[in-house]
Amino acid sequence: MTFQEKIAWVSGLVTLVVASWYAWVVAGPIGEVPVEAIAYQRPLLIAVGAMIGLTILGTIATAIGTAIGGAIGVAIRAEVRGEAQADVVVD
């Protein structure tokens, strides 16, 4: 999977989670108070900020995980092929 595809998954997951939270917060009071009395502005700003922040954090985490996974994969392939060097000396 390419890095752009991974970021698309991160973005989709963040969008699903934050939008669900926003819908729960805003639609929760329906039936208890009139719809026009529901304050949606602050939760909307929080949701937009959370989507931006979580997408950035998810992208950073994905980049780190991809780099670590790639390095581990290269080391394992080298070991299997017999190309690895022994860095540890056992007495």
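1. Helices (H or I, at least four residues) and strands (E, at least two) are DSSP runs, numbered from the N terminus. By that rule the chain has 2 helices and 0 strands. The model is predicted: local features need pLDDT of at least 70, side-chain atom pairs count only at pLDDT 80 or more, and totals for chains, interfaces and linings use all residues. Residues are numbered from 1 along each chain as its sequence is written, and side-chain values use heavy atoms, with hydrogens and water left out.

2. Helix α1 covers residues 3-27. Its 25 residues reach 35 Å from first C-alpha to last, close to the 36 Å expected at 1.5 Å a residue. That expected span is 1.5 Å times one less than the number of residues.

3. Burial next (buried: under 20% relative accessible area; exposed: over 50%; partly exposed: in between; 1.4 Å probe, protein chains only). Buried residues are 13% of the 91 in the chain. In α1 they are I7, V10, V14, V18 and V26. An α-helix has 3.6 residues a turn, so residues three or four places apart point the same way.

4. T62 sits in helix α2 (residues 41-81). T62 is buried, at 17% relative accessible area. Beyond its neighbours within four places in sequence, T62 is in contact (heavy atoms within 4.5 Å) with F3, K6, I7 and V10.

5. T2 lies in the segment before α1. T2 is partly exposed, at 44% relative accessible area.

6. Of the chain's contacts with a separation of 6 or more, 66% join residues 24 or more positions apart.
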